[in-house]
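Work through these exercises with the model in view. Try each task before you read its solution.

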Amino acid sequence: MSNLTQLENSLSHYKSEIIDILNSRYSDEEIKKLCIRFQNAPDESDLFQELRSENHPEWCCSAIISLCSIMFVQKKFPFSSKSPIPIENAAELILNGMHAMLCLQDAAYNPLENKAIIRLKQLKNQPNTRTRNNVERDDIEVRMDNYLQEKGIPPTCLNFFLEYLESLGYKIDEACRTVNAPVGSNIDWKRPRSFSTIEKWLQEFRNQYMKNFPAR
């Protein structure tokens, strides 16, 4: 995978994260109207104060800024090695990217805080020992929980989750399309599990998450 493809995928990933955050309160049509309002706001306007006076949550403006910044980079960035970035546009793209990530972090904190507390209570209520024999799935679900706590949402695609597992030392075999426990792990996997099996577990985990925290 080329660097440009990885960048394009990452932008799509972060865009889906911020949309998930906004969907916790707004419909797609409402998000669209807020984005248009942000883009058309005069330079001298105080959009933060306007939204607060209309009883929007504190994180709303940061979330909209992040989404608009990401879409700006997606629109302006030349995703082809044959189309280099003009030097006069490079700084603007970098600054918009940085702005998008800072606002994403700020937006994610408040709406996900309560969800994190609820999820922590759910984990505490789980039995200390699980009765299932599928130790591989148990282990992977723990990693999905960890990903959710770190990122604020479940993994949005298999590739991102595989990259996360690989960063933790899991053995990702691209040729055989399998995953195995890290070397020296205290979890004794009986056998490697296929990408398709991990993807199935991931889909079920996402479905359960959406059932617990449906978009309003």
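## Exercise 1: The strands

In this predicted model, Lys171 stands opposite Asn180 of strand E2.

**Task.** Find how E1 and E2 pair, and over how many bridges.

**Solution.** 
- Step 1. Locate strand E2 at residues 178–180.
- Step 2. Look at its pairing with E1: the sense is antiparallel, over 3 bridges.

## Exercise 2: The order of elements

**Task.** State how many helices and how many strands the chain has, and in what order they run.

**Solution.** 
- Step 1. Count by type: the chain has 8 helices and 3 strands.
- Step 2. The order reads α-α-α-α-α-α-α-β-β-β-α.

## Exercise 3: The cores

**Task.** Name the residues with the most contacts inside the largest nonpolar core.

**Solution.** 
- Step 1. Take the largest nonpolar core, which has 22 residues.
- Step 2. Its residues with the most contacts inside it are Ile140, Phe161, Leu165 and Val179.
- Step 3. Trace the helices. Helix H6 (135–151), helix H7 (158–167) and helix H8 (195–212) each supply at least two residues of this core.
- Step 4. Look elsewhere. Another core, of 19 residues, lies apart from the largest one; Trp59, Cys61, Ala63 and Leu67 are among its members.

## Exercise 4: Around Phe161

**Task.** List what Phe161 touches, leaving out residues up to four places away in sequence.

**Solution.** 
- Step 1. Start with Ile140, Arg143, Met144 and Tyr147, which are among the residues that Phe161 touches.

## Exercise 5: A ring pair

**Task.** Classify the ring pair of Tyr147 and Phe161.

**Solution.** 
- Step 1. Count the aromatic pairs: there are 5.
- Step 2. Take the geometry of this one. The ring centres of Tyr147 and Phe161 are 6.4 Å apart, and the planes stand at 75°.
- Step 3. Apply the cut-offs. Centres must lie within 6.5 Å, and planes over 60 degrees apart count as edge-to-face. The Tyr147 and Phe161 pair is therefore edge-to-face.
- Step 4. Tyr147 lies in helix H6 and Phe161 in helix H7, so the pair ties together parts that are 14 residues apart in sequence.
- Step 5. Check burial: Tyr147 and Phe161 are both buried.
- Step 6. Ring pairs link Tyr147, Phe161 and Tyr164 into a cluster.

Definitions and conventions:
Residues numbered from 1 in each chain as written. Predicted model: local features only at pLDDT ≥ 70, side-chain atom pairs only at ≥ 80, totals over all residues. Heavy atoms only, no water. Helix = DSSP H or I, 4+ residues; strand = E, 2+ residues; numbered from the N terminus. Core = buried A, V, L, I, M, F, W, Y, C linked by side-chain atoms within 4.5 Å. Buried < 20%, exposed > 50% of the residue type's maximum accessible area, 1.4 Å probe, protein only. Contact = heavy atoms within 4.5 Å. Phe/Tyr/Trp six-rings, centres within 6.5 Å; stacked < 30°, edge-to-face > 60°. Pairing = 2+ DSSP bridges.
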